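Here are my notes for you to read alongside the model. Take them point by point and keep the viewer open.

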Amino acid sequence: MRVAAIVPAYNNERTIAETVAVLLSDPRIESVLVVDDASTDGTSAEARAAGAQVLRLQNNSGKGTALERGLGDMDGTDVVLMVDGDTGKSALGAIELIGPVIDGYQDMVIGILPSAGGRGGFGTVKRIAAVLIRLSAGFRAQAPLSGQRAMTKKLLDACRPFARGFGVDSALTADAVRAGFRVAEMPVDMTHDHRGRSVAGFRHRAIQGIHLLRAFLPRLRRGRTRYS
Ligand SMILES: Nc1nc2c(ncn2[C@@H]2O[C@H](COP(=O)(O)OP(=O)(O)OP(=O)(O)O)[C@@H](O)[C@H]2O)c(=O)[nH]1
Ligand SMILES: [Mg+2]
């Protein structure tokens with residue numbers, strides 16, 4: 001089993017080196033690919049210095065497209081661990097997700113992060129994402145927006161092309177369930193940077209909501225499958 005991690009990153013210079021180092025500290029993880037989506041800070045340099053392979057995109061194209069581009073460079077990998085670039089040292093918690101996939105019990109395991117409480121938003125976008133996944137795939141997701149997940153490369157290839165932007169994570173859950181893969185969720189002890197209830201936070205969640213609707217309109221039109 002060849003295991004590799006992919007880390008989408010946009011302006012994560014503060015946290016990316018720790019994220020990469022922690023992932024590389026596990027002997028099962030052969031490599032870490034950071035996809036730097038045209039960051040304007042030192043994300044690429046920090047990631048490289050920490051031992052990651054870096055794919056730097058010339059134009060900011062969004063999380064879904066960036067992951068798609070990165071996976072194009074991951075032939076020969078059996079299990080992929082996706083971890084957000086703003087998780088820092090806590091990325092250690094994500095490594096637990098690979099066990100059930102390597103052992104063949106699950107095709108995808110999604111990390112449920114502890115509640116952000118007052119540091120996060122109001123959970124509206126999360127609730128919308130959960131409803132969209134349930135309506136399109138019949139799966140009750142506890143962590144519908146989580147970017148921390150381990151899965152087989154086979155599952156990922158079956159779910160391509162990915163939804164664009166911030167729709168990618170939720171759509172991946174729905175598409176994997178609909179395609180008949182075994183999908184589970186598992187609590188992980190992780191944290192990430194939060195914009196919280198700031199103007200930037202509300203703006204981010206509005207964009208996230210738009211990306212979700214854009215991703216799920218065609219998925220809802222296709223209707224439920226026998227897997228739901
Ligand atoms: N490729 C790509 N990745 C992005 C972009 N924006 C954010 N990301 C990455 O996606 C992950 C999650 O992004 P965040 O901006 O933290 O989103 P979030 O966690 O929903 O929002 P907060 O709760 O405010 O942190 C991180 O790894 C980011 O580096 C982008 O424009 N392109
Ligand atoms: Mg974040």
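In which sense do strand 1 and strand 2 pair, and over how many bridges? Before the answer, some ground rules. This is a predicted model, where local features need pLDDT of at least 70 and side-chain atom pairs count only at pLDDT 80 or more, while totals for chains, interfaces and linings use all residues. Residues are numbered from 1 along each chain as its sequence is written, and chains are lettered from A and ligands numbered from 1 in the order in which they are written.

1. **The strand pair.** Strand 1 (3-9) and strand 2 (residues 29-36) pair in the parallel sense, over seven bridges. Helices (H or I, at least four residues) and strands (E, at least two) are DSSP runs, numbered from the N terminus. Two strands pair if DSSP finds at least two bridges between them.

2. **Strand 1 is well covered.** Seven of the seven residues of strand 1 are buried, so the rest of the structure largely encloses it. A residue is buried if 20 or more other C-beta atoms lie within 10 Å of its own, exposed if 12 or fewer, and partly exposed in between; the C-beta atoms are placed from the backbone. In a regular strand the side chains alternate between the two faces of the sheet. Here Val3, Ala5, Val7 and Ala9 point one way, and Ala4, Ile6 and Pro8 the other way.

3. **Have a look at Pro8.** Pro8 lies in strand 1, and its bridge partner in strand 2 is Val35. Pro8 counts as buried because 26 other C-beta atoms lie within 10 Å. Skipping residues up to four places away in sequence, Pro8 touches Val35, Asp37, Lys63, Ala66, Leu67, Asp84 and Gly85. Touching, or contact, means C-beta atoms, placed from the backbone, within 7 Å.

4. Ala5 stands opposite Leu81 in strand 4. Leu81 also stands opposite Ala150 in strand 6. Strand 4 and strand 6 (residues 149-152) pair in the antiparallel sense over four bridges. Strand 5 (residues 108-112) and strand 6 are antiparallel too, with three bridges, and Ile110 stands opposite Arg149 there.

5. **The core.** The largest nonpolar core has 67 residues, and Ile6, Val20, Val34 and Leu81 have the most contacts inside it. Such a core is a set of buried Ala, Val, Leu, Ile, Met, Phe, Trp, Tyr and Cys residues joined through C-beta atoms within 7 Å. Among the residues that Val20 touches, leaving out those up to four places away in sequence, are Val7, Val32 and Val34.

6. **Around ligand 1.** The shell holds 21 residues, and the closest are Tyr10, Asp37, Ala66, Asp84 and Arg195. To be near, a residue needs its C-beta atom, placed from the backbone, within 6 Å of the molecule. Strand 1, helix 3 (63-71) and helix 8 (199-221) each supply at least two shell residues. By class, the shell has five nonpolar, 10 polar and six charged residues. Ala, Val, Leu, Ile, Met, Phe, Trp, Tyr, Cys and Pro count as nonpolar, Asp, Glu, Lys and Arg as charged, and the others, Gly among them, as polar.

7. **Helix 3.** Seven of the nine residues of helix 3 are buried, so it is largely enclosed by the rest of the structure. The buried ones include Lys63, Ala66 and Leu67. Their cover includes strand 1, strand 2, strand 3 (53-56), helix 6 and helix 7.

8. Most residues other than glycine have a negative phi, and most peptide bonds are trans. Asn11, in the loop between strand 1 and helix 1, has a positive phi of about 55°. Ala38, in the loop between strand 2 and helix 2 (43-49), has a positive phi of about 60°. A cis peptide bond joins Arg160 and Pro161, with omega about 0°.

Technical notes
Contact = placed C-beta atoms within 7 Å.
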